[in-house]
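Please look at the sequence and the model before reading on.

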Amino acid sequence: MAGMVERRGVGRWMTHLGLIVGLLFIFFPIWLAFVASTVTQPEIVKPPMPLLPGDQFFENYRRALISGVNAPVGWMMLNSLVMAMGIAVGKIVISLLSAFAIVYFKFPGRRLFFWLIFMTLMLPVEVRIVPTYEVAANFGMLNSYSGLIFPLIASATATFLFRQFFMTVPDELTEAARVDGAGPMRFFWDILLPMSRTNVAALFVILFIYGWNQYLWPLLITTDPSMNTIVMGIKQMFPSGDDTADWPVIMATSILAMIPPVIVVISMQKLFIRGLVDSEK
Amino acid sequence: MEKRVNFKGIWLPLLLVLPQLVVTAVFFFYPAGQAIYQSLFIPDPFGLSMQWVGLGNFEYLLGNAYYRASFVTTAIFSILVTLVSMGVALYLAVLADRLIKGSGVYRTLLIWPYAVAPAVAGVLWLFMFNTRVGVVTWYLGQLGYDWNHVLNGEEAMGLVVVASAWGRISYNFLFFLAGLQAIPRSVIEAAAIDGAKFWTRFRTIVWPLLSPVTFFLLVVNIVYAFFETFGVIHTITSGGPQQTTTILVYKVFKDGFVGQDLGSSAAQSVILLVIVGILTIVQFKFIERRVHY
């Protein structure tokens, strides 16, 4: 039964109208970028640019992917993919292992260790950029995938999330496993991990987007254009000084930069929302 | 809270926590320690020796007009980003909540901006408001308004605020919508039977019941505006014109990497550390009340 407070008739249309106005505001920047990625440079630099797509779609995207401005955008996307996957998988693996240790073992230093992880919440990379950069440079990690991935891999959020979940796993399962003679790693692998599937997937969605969208860290770590990630590479495509930017290629790159995370979010919407809510607890 | 059943062993659990421990020590605690250490020194111009200055860097910073201005800029920026993105999100969530059918479609569409990196959002908004080719700039010009965020500090601030708030709408929308849908229909319907109009119901029932969500989002959005908007600032204004959009995080980057003023940059890092610490504690105190373990 429909509630009596939902609007019908005129009111319902007003509600839709309000939402559509909001959607237009939100999508206009994306639409404009898409249009710009399908027209020629002269059409853009002589304002106003058209508001409907042109016929240069294939030409612009081919130019961006294969040659780009400083480096082929195809390369930059590959770098972003490696970085995002590395960060997501790495965070999940080390967090699963440490959460398992903290919940299922009593070992000396457990409490201290827990607080050490907690404190990393207070140390975002933006706050400690210069010294962290120095560490990475000393390890020879500049312009490398390990430099893009490892400094961002520790995650208090993921560790807490798994700890929270492991706490809800019934003790009977652990007892049964022990009675059957299964060791801790066997229990972890055969019982705990399969049970954590949904949590892992939800977290993966969030962390993949986190990794893909990194900006400041790749900006510091990669000076070689062939190691640039796509999100940080866009700004590098703007010429310094008074030269005119290659807008169609830059806007095609902006669209390409948002496609993978958008696909991940939309196609795994339920998991994404779950991950979002979980990781804020 | 503890498990009743535990596994035995000391070396295995230590081995399991080792990867996390190593990464945390090398990339979190050591650099943070370095920041604190360096904040007490001034390196000589050749980088050969360090001169102990105690709290000199901090005294200098707090007495520096640019740094104090950056604090004010950050405060204004964070408050505006938070208000704009939460305001728009609440408006959309209230509307979506009124629909019986179809709110799922709107939700799917509204999630989009979450996936767009702040730096990419910056490029999109920069393109619209570009002083030479921007479409919005052109139409504003037709209306007789001369938009130029490269010269006008207030317009620059407006632009970075809108670009930062834009990407945040999805997140706030999802939390507001979930909060609204958790309010029992019967309460609202009872008020409606008593003759309360929409606005009265919103003010007296919905808004108070939504306050935990609102407070949570307030803290999270301020953290976002402080630390995650670097990409927006860097792509659109690079802190200009005349530092009008230089927020604290941008200043650490600029003084440390562009200006090579390591002592000052380290001291700024330490001040930011204190700010994150306070925000984290606020967040946790609140969340502990909200979530029942």
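## Helices H3 and H9 of chain B

Helix H3 (residues 65-98) of chain B and helix H9 (residues 198-227) of chain B cross at roughly 130 degrees, and their axes come within 9 Å. Axes are lines fitted to C-alpha atoms, for helices over the stretch in contact, and angles run from 0 to 180 degrees between N-to-C directions. Helices (H or I, at least four residues) and strands (E, at least two) are DSSP runs, numbered from the N terminus. H3(B) and H9(B) are therefore oblique to each other; angles under 35 degrees count as roughly parallel, over 145 as roughly antiparallel, 65 to 115 as roughly perpendicular and the rest as oblique. Their crossing is right-handed. A crossing is right-handed if the near helix is turned clockwise from the far one by less than a right angle, and left-handed if anticlockwise.

On the H3(B) side the contact includes Thr74(B), Phe77(B) and Val81(B), and on the H9(B) side it includes Leu217(B), Asn221(B) and Phe226(B). Two residues are in contact if their C-beta atoms, placed from the backbone, lie within 7 Å. The contact of H3(B) with H9(B) has 8 nonpolar, 5 polar and no charged residues. Ala, Val, Leu, Ile, Met, Phe, Trp, Tyr, Cys and Pro count as nonpolar, Asp, Glu, Lys and Arg as charged, and the others, Gly among them, as polar.

## Basis of the model

This is a predicted model, in which local features need pLDDT of at least 70 and side-chain atom pairs count only at pLDDT 80 or more, while totals for chains, interfaces and linings use all residues. Residues are numbered from 1 along each chain as its sequence is written, and chains are lettered from A and ligands numbered from 1 in the order in which they are written.

## Helix H4 of chain A and its partners

Helix H4 (residues 73-104) of chain A packs against helix H8 (residues 156-168) of chain A at an angle of about 45 degrees, with their axes 8 Å apart. H4(A) and H8(A) are therefore oblique to each other, and H4(A) passes H8(A) in a right-handed crossing. Among the residues that meet are Lys91(A), Ser95(A) and Phe100(A) in H4(A) and Thr159(A), Phe162(A) and Arg163(A) in H8(A). The residues of this contact divide into 10 nonpolar, 3 polar and 2 charged.

H4(A) also packs with H1(B), at an angle of about 135 degrees and with axes 8 Å apart. Here the crossing is left-handed. Ser95(A), Ser98(A) and Phe100(A) are among the H4(A) residues in this contact, and Pro13(B), Leu16(B) and Gln20(B) are among those of H1(B). By class, there are 9 nonpolar, 3 polar and no charged residues.

## The two chains together

In total, 81 residues of chain A are in contact with 83 residues of chain B. Helix H1 (residues 9-36) of chain A supplies the largest share of the chain A side, 11 residues. That side divides into 59 nonpolar, 13 polar and 9 charged residues.

## Domains of chain B

Chain B is divided into domain 1 (11-52) and domain 2 (60-290), with bounds that come from an automatic or database domain assignment. The domain centres, taken over C-alpha atoms, are separated by 32 Å. Contact between them involves 8 residues of domain 1 and 7 residues of domain 2. On the domain 1 side, H1(B) gives the most, with 4 residues.
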